[in-house]
Amino acid sequence: MNTHPARRTTTRRTGVLLAAAVTAALTALSGCGSEKPAHDATQGAIKPVKPAQPVKPAAPKVDGLPGMPPVLDPEDVYAADRPNKLSPVVKDFPSRVYVPNTESDTVSVIDPQTYKIIETIKVGRQPQHVVPSWDLKTLWVNNDKGNTLTPIDPKTGKAGETVDVHDPYNLYFTPDGKHAVVMASLDRQLVFRDPHTMKIQHSEPVSCYGVNHADFSLDGRYFIVSCEFSGELLKVDTAKMKVVQQQKLPYDGAMPQDVKMSPDGKKFYIADMEADGMWVLDGDKFTKPTLLPTGKGTHGLYVSRDSKEMYVSNRGEGTISVFDFTKNKLTKKWHLPQGGSPDMGGVSADGKVLWLSGRYDAEVYAIDTRTGKQLARIPVGSGPHGLAVYPQPGRYSLGHTGVFR
């Protein structure tokens, strides 16, 4: 044999080392794809890496009307209206329910804790609505036949000097706070006024009859107006203060009332007390709307504090329908004991109570929003109409009985 002993030993050691390396490599490879993590006695268990979760793209910012406070959530225009989320402007105001009595020429003031009338304020002829101002500091009583507005200080509950304003059936404010918009129903005009002094800035004549309710688009650049007596809808350019489109509702004898936008800003809902339902309108396209039946005499529309539901008052049958935005359908109907005529109103700051005026029954209803149970039935003056719950959550008011953003 010619093999050197030292060389044989080296060869065996090399073989052993190679075999160990191969074994270790195979062991490591056998662990790939295994559900059990590898283990290192010196470092402890190594946790498996979780796959990256898909990131939901952020909703694009809304290109709002110049001067308008920015939209907080492009997918929910009512994001500022959460329970008890009161602005610093109103946080010290006492909680009250203000009820304009059209035939008594008074405003009944109710303490919502006791369900008792604590004051009756004398105002002008035929008060229709109590309207929070854009800056949240004043409540304006619309004295339609008296051709005046009566300001009420919500901090003290005291009325101030009346302001001369012709035919103020209803009152709104543009999202930038630059204009008050008087719905001059019989004058057939939309009158843009200074939001503080109420001096006329621009009068926009309309060809429809009975302009009364409205709501603004997500970006605030236009608003939809209902014309009660001619059964029509208007689309108005906010900045230009001009009617840009108009259409007749596809129902003989239609009488559109309250207008409310969906949380995502894609649809407008228009109550119709003759068609007994809500019209569903694409505001951007302003195409022919479709009708969703809700109940006899559909009148007022109020969004819940979580933006998931809308309460629909059916004045002609004494009921409230509940519409679910996420399911896109009616889910409940609440019946008032002994009937009634639920009309206009609002939701309490905590979202637990829906307040509605009983237009033809000289009373006000307080309804539990969780159960639909009537909590109180309060006698007030004659012809109670545009009831306002105040204060409510929100950064600013668009008007009516309280449309907040």
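**Figure 1. Overview of the protein chain.** Buried residues make up 53% of the 405 residues in the protein chain, where buried means under 20% relative accessible area, exposed means over 50%, and partly exposed lies in between (1.4 Å probe, protein chains only). This is a predicted model, in which local features need pLDDT of at least 70 and side-chain atom pairs count only at pLDDT 80 or more, while totals for chains, interfaces and linings use all residues. Residues are numbered from 1 along each chain as its sequence is written, and side-chain values use heavy atoms, with hydrogens and water left out. The chain contains one helix and 31 strands; helices (H or I, at least four residues) and strands (E, at least two) are DSSP runs, numbered from the N terminus. Among contacts with a separation of 6 or more, 46% involve residues 24 or more positions apart, a contact being heavy atoms within 4.5 Å. The accessible surface comes to about 18900 Å², and carbon and sulfur atoms account for 54% of this area; accessible areas come from the Shrake-Rupley method with a 1.4 Å probe, and for residues only the protein chains shown count as cover.

**Figure 2. The largest nonpolar core and tyrosine 269.** A nonpolar core is a set of buried Ala, Val, Leu, Ile, Met, Phe, Trp, Tyr and Cys residues joined through side-chain atoms within 4.5 Å. The largest such core has 26 residues, of which Phe268, Tyr269 and Met310 touch the most other members. At least two residues of this core come from each of strands S16 (222-227), S19 (256-261), S20 (268-272), S21 (277-281), S23 (298-303) and S24 (309-314). Another core, of 21 residues, lies apart from it and includes Met68, Leu190, Val206 and Tyr396. When neighbours within four places in sequence are left aside, the contacts of tyrosine 269 include Val259, Met278, Trp279, Leu301, Met310 and Phe323.

**Figure 3. Strand S7 and its two partners.** All five residues of strand S7 (residues 139-143) are buried, so the strand is largely enclosed by the rest of the structure. In a regular strand the side chains alternate between the two faces of the sheet. In S7, Leu139, Val141 and Asn143 point one way, and Trp140 and Asn142 point the other way. Two strands pair if DSSP finds at least two bridges between them. Strand S6 (residues 127-132) pairs with S7 in the antiparallel sense over four bridges, and proline 132 has leucine 139 as its bridge partner in S7. Six residues lie between the strands of this hairpin of S6 and S7, where leucine 136 takes a positive phi near 70°. S7 is also joined to strand S8 (residues 148-153) by five bridges, again antiparallel; here tryptophan 140 has proline 151 as its bridge partner. The hairpin of S7 and S8 has four residues between the strands, and asparagine 147 in the turn has a positive phi of about 55°.

Figure 4. Strands of a sheet pair through backbone hydrogen bonds, either parallel or antiparallel. This sheet has the order S11-S12-S13-S14, with antiparallel pairing. Strand S11 (170-173) and strand S14 (200-205) are the edge strands, each pairing on one side only. Strand S12 (residues 180-184) and strand S13 (residues 189-193) pair over five bridges, and methionine 183 stands opposite leucine 190 in S13.

**Figure 5. The disulfide of cysteine 208 and cysteine 227.** A search of the whole structure finds one disulfide, defined as a pair of cysteine sulfur atoms within 2.5 Å. The bond joins cysteine 208 to cysteine 227, with an S to S distance of 2.1 Å. The pair links distant parts of the chain, 19 residues apart: cysteine 208 is in the loop between S14 and strand S15 (211-216), and cysteine 227 is in strand S16. The link is left-handed, with -50° about the S-S bond. Both cysteine 208 and cysteine 227 are buried.

Figure 6. Methionine 255 lies in the loop between strand S18 (242-248) and S19, and it counts as buried because its relative accessibility is 18%. Its C-alpha atom is separated by 9.5 Å from that of glycine 297, 42 residues apart along the chain. Proline 263 lies in the loop between S19 and S20; with 8% relative accessibility, proline 263 also counts as buried. Proline 263 and aspartate 73 are 190 residues apart in sequence, yet 9.5 Å apart in space, C-alpha to C-alpha. Beyond its neighbours within four places in sequence, proline 263 has contacts that include Glu75, Val77, Tyr78 and Phe325.
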